[in-house]
Amino acid sequence: MSANPEDRLVNTLSQWLARHVDDDQLRREVEAVDTSELGTEQAQAVQELREQLAGADGHADLEMVVRETLQALALG
């Protein structure tokens, strides 16, 4: 089963929010995304999430950025 990168990322973000995926798994999946295949707003949201994951300022802040990224991906 091969999903497109956007679908895989949506799945991973959803799993992370449900606590089925840890931060390291989330980080690997986000880093693997080719943002050139995404729309401008989607790519910006993924980049912001990458920066948040690199900084690891706190779980609450990370959760907010994950939710924003998920919304950007869903709205296309």
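The axes of α1 and α4 come within 10 Å and cross at roughly 145° (axes are lines fitted to C-alpha atoms over the stretch in contact, and angles run from 0 to 180 degrees between N-to-C directions). This is a predicted model, in which local features need pLDDT of at least 70 and side-chain atom pairs count only at pLDDT 80 or more, while totals for chains, interfaces and linings use all residues. Residues are numbered from 1 along each chain as its sequence is written, and side-chain values use heavy atoms, without hydrogens and water.

On the α1 side, the contact (heavy atoms within 4.5 Å) involves Glu6, Leu9, Val10, Leu13, Ser14, Trp16 and Leu17. Among the α4 residues taking part are Leu62, Val66, Leu70 and Leu73. Beyond its neighbours within four places in sequence, Leu13 touches Leu26, Leu49, Val66, Thr69, Leu70 and Leu73.

The largest nonpolar core has 18 residues (buried Ala, Val, Leu, Ile, Met, Phe, Trp, Tyr and Cys joined through side-chain atoms within 4.5 Å). Two or more of its residues come from each of α1 (5–17), α2 (23–32), α3 (40–55) and α4 (59–75) (helices are DSSP runs of H or I, at least four residues, numbered from the N terminus). α4 gives the most, with five residues.

In α2, Leu26, Glu29 and Val30 are buried (under 20% relative accessible area, exposed being over 50%, with a 1.4 Å probe and protein chains only). They lie on the same side of α2 because they cover an arc of only 100° around the axis, taken from the directions from the helix axis to the C-beta atoms. The buried residues of α2 pack against α1, α3 and α4, whereas the face turned away carries the exposed Arg28 and Ala32.
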